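Here is a briefing on one structure. Please look through the sequence and the model before reading the notes.

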Amino acid sequence: MTPPITGILPEPGEGRPDAADLPGPADAVQDDHPADSWAIPGDDRIPPALLVTPGLPWGRRLAALRERHRLRGERARAFYADSRNPERGLPVAGNAAAWAFVKRLLSTRKGLFAVTVGANLAAAVAGLVVPRLLGDLVDAVTGGSAALVQVDAIISGVVVVVVVQAALVFAGRRASAVLGYDLLAAAREEIVGTVLRLPLSRVESASSGDLLTRITSDVSKMSQSVRWAFPQLVMSSVLVVASLVALVLNSPFLAISIAGSLVVLVLATRHYLKHAGAGYITESGTYSRINSTTTETVEGARTVEALGIGERRIAIGDADIAESNQAERYTMTLRNLFFIFLDVSYQLPLVGVVLLGTWGYSQGWVTLGQITTAAIYVQGLVEPMDRLIQVFDTLQVGLAATTRLLGVAEVPEDRVPGDARPDGTEVVGTDLRFAYRPGTDVLHGIDLDLKPGERLAIVGPSGSGKSTLGRLLAGINGPRTREVDIGGVDVMDLPLDVLRTEVALVTQEHHVFVGTVRDNIVLARDRQLAGAEVDRAVTEALRAVDALDWVERLPQGLDTVLGHGRVHLTPAQAQQVALARLMVADPHTLVLDEATSLIDPRTARHLEGSMAALLADRTVIAIAHRLHTAHDADRIAVVIDGRVAELGSHSELLSRDGEYARLWRTWRS
C-alpha cells in the first residue's frame, strides 16, 4: 500500500525527515510511523546514507544531517548536469538563457517598466518623508523650541504625505500588475510557440510525464513568478534602496547599524541561490518521473491487472515518490538554513540603532530625532526585505521552471529547410533505413516508387515497421540512409508549412480542439479559405467522411462547440473529424495509418467507398490491418521485419501464394 502523503514534508521515519533533518521551525515536526515505511524493497535509487536512522544521539544526528545534505546536493548537481544535455528526452536551458528571455521581454516594454519603477519610487520616497517629519518633531519638542503652530504644521504635513503616498502606492501597484500580466501573456505566447516548433520526432521520444510537467506545473510556476514575483521584486527593491539612501541621509553614523545585516543577507542569499537552482531542477525532474509512472500505470491499467503486476507498479511509484522526497528535503533544508540567517539579520539593525544611537547621542553626534527616524526606517525595512527574500525564493522556483521550458527551444531541429520546391508529385523512397536507437535498424533498405494518384497499401504483422515507414514517407522522421523525395526534393529539406501541403499523415490517434466543428476542420487551411468557401469546403469534407449526417443533428450544427467540457464526440466521430480536417488541408499525398481503426468495419468500408471519389487524384498510402483496404489498392507492400517481402497487386500476390496470401487466408477465416 502506498504510504499517505500528508503535506509538503514527508513524515519522519526511515527515509523521511525527522526533527534533526530540518533546522529551524521545522524541528517541531514529529510522528510515530514505522522506520521502514518509506523503504522500497529491492530499490537501489536511494543510498542507505540518505535514510534517517532514528534514536541516534544529537551529535551524531547533526553529523548525519550534514552528510545527507551534502549527498543530496551532489545528487542535485549531478542531475542538473545530466539534464543540460540528456541522451534521451528534453534538455534544460541554463540560467543565462532564462535571464536573456526576461531581458528580451522587458526590452519591448521599456516605457511600461519605467512607469512601474517611477511610480514605486515616488511611493517609496513619499513613505520615507513621514519618519523624517516625525524626527524633526521629536527634535523640536526635546529642544524646547516646538511652538503649537509648528507642531500643527508637521502633523498636517504628515497627513498630506500619507494621502499622497496612498495614491502613489495604488498607482505603483497598478503599474506593477499591468507589467506583470503583460509579461505573462508575452511569455506564454513565446512558450507555446517554442513547444509548437519542437520537432515531432523529439516530442514522441521524450517522456510523456516530462513534457506534461513542463507544460503544466512549470508553466504555472513561471506564471507565478512573472505575474506576482517580478512586480514584487521591482516594488521591494525600489523601497529597500530608497530606505537605505534615506537612512544614510538621516545619519551616516546610524546607517552603520545596517551594514552587518547586509553582509549576512548578501552571503546567505548568494549561498542559497548558488545551490537552489540545481535543487529545484531536480525536484521538477522527479515530478516528471512520478507523472510518467502514474500515466503509464493508469493508461495501462487493464494490462497491469491482466498480468498481475499491480504491486510492482506500486513499488515503482513508491520509489519515484521516495526519490522526489529526497529532492524536496534538499531544497527545504536550503530554505530553512536560509531563513535562520534572515531571522538574525532582521533583528540586528534595530539593536544596532539603539546601541549606536545611545553612544552617538552621549557624544553629541546624533539627535534624538535622528535616532527616532533611523529606528522607524530600520523597522520599515523589515517588511520589504522580507518580501524581497520571499520574492527571491519564488523567482528561483520560477527561474528553474523557465529553464525547463526554454530547454524545449534548445532541442536541435531535425531538418534544415532548403530553397528547392517539388516539381511534380511523385513519391520516391530509396534504400530507406531507420533506427530508433543507434545500431539497431528497424527498416532495412526499403525502396518505393509511387506514381501520382496511385493507392499503395502497406500490410504486415504488428511490429514489422509499417508505421515507421509511413512516418518516413510523411516526413515526420528522416531516414538514417538516403532519402524520401517528393517531386525530386527531399522531404526533410522542405519547410513544414510547405511539406504539409504536399503530404499529410493521419493516424489512429486524434485530437479535438476546443472550438466549433467548423474551426476544428478548417484549421489546417484557415488562411486559404474565406467567407462562403469555408462552409462549402467543410460540408464537402464531412460528406466525404460520412459525418455530415450526425454533425447536422448537433445542437448548433457546424457552430457546435466541441472539446473538453463541451460536446463530447465518440472516438469514431473524432476520427471522422480528423479525416475531414485532412480533406480540407488538401495535400496531394495522404498517409493513412490505421485512420479508420476506431470505426466499426461496416461503417469503415462504407467510409472508404465514400472517400474514394475524393481521393481519386491523390496518392494514398494506407497502412492497415483490415485487408479489405489492401484489396482495393493498386499495389500492396508486405512489410516483414523491416523489409518489403512482397510488392504487387492483390491478384498478383495471391497467385504467388506467399506472405500476403497467408495473411489474406488468415484474415478471411
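The notes below cover salt bridges, nonpolar cores and sheets.

This is a predicted model: local features need pLDDT of at least 70, side-chain atom pairs count only at pLDDT 80 or more, and totals for chains, interfaces and linings use all residues. Residues are numbered from 1 along each chain as its sequence is written, and side-chain values use heavy atoms, with hydrogens and water left out. Helices (H or I, at least four residues) and strands (E, at least two) are DSSP runs, numbered from the N terminus.

**Salt bridges**

- The whole structure holds 16 salt bridges (a side-chain nitrogen of Lys or Arg within 4 Å of a carboxyl oxygen of Asp or Glu).
- One of them pairs E323 with R289, with the closest N and O atoms 2.7 Å apart. E323 sits in helix α10 (residues 310-363) and R289 in helix α8 (residues 259-299), 34 residues apart.
- E323 is buried at 17% relative accessibility, while R289 is partly exposed at 38%. Buried means under 20% relative accessible area, exposed over 50%, and partly exposed in between, using a 1.4 Å probe and protein chains only.
- R480 and D441 form another salt bridge, at 2.6 Å from N to O. R480 is in the loop between α12 (466-473) and β4 (481-486) and D441 is in strand β2 (residues 440-450), so the pair ties together parts 39 residues apart in sequence. D441 is partly exposed at 22% relative accessibility.
- R635 meets E454 at 2.4 Å, N to O. This pair links strand β11 (residues 635-640), which holds R635, to the loop between β2 and β3 (455-459), which holds E454; the two residues are 181 residues apart.
- R635 is partly exposed, at a relative accessible area of 22%. E454 is buried at 9%.
- E67, R70 and E74 belong to one network, joined by salt bridges that share partners.

**Nonpolar cores**

- A nonpolar core is a set of buried Ala, Val, Leu, Ile, Met, Phe, Trp, Tyr and Cys residues joined through side-chain atoms within 4.5 Å.
- The largest core has 60 residues, and L183, F230, L247 and L254 touch the most other members.
- Elements giving two or more residues to this core include α2 (95-107), α3 (110-142), α4 (148-196) and α6 (208-250). The largest share, 14 residues, comes from α11.
- L254 touches V353, L356, G357, V366, Q370, I371 and A374, leaving aside residues up to four places away in sequence. Contact here means heavy atoms within 4.5 Å.
- A second, separate core has 28 residues, among them L494, V498, V591 and A637.

**Sheets**

- Two strands pair if DSSP finds at least two bridges between them.
- Strand β1 (residues 427-437) runs antiparallel to β4, joined by 5 bridges. V428 has D485 as its bridge partner in β4.
- Another open sheet has 6 strands in the order β6-β9-β10-β3-β11-β12, with mixed pairing. Its edges are β6 (503-506) and β12 (643-648). The twist averages 15 degrees from one strand to the next.
- β3 and β11 pair in the parallel sense over 4 bridges. A457 stands opposite I636 in β11.
- Helix α17 (residues 571-585) lies across β6 and β9 (589-593), at about 165 degrees to β9. Axes are lines fitted to C-alpha atoms, for helices over the stretch in contact, and angles run from 0 to 180 degrees between N-to-C directions.
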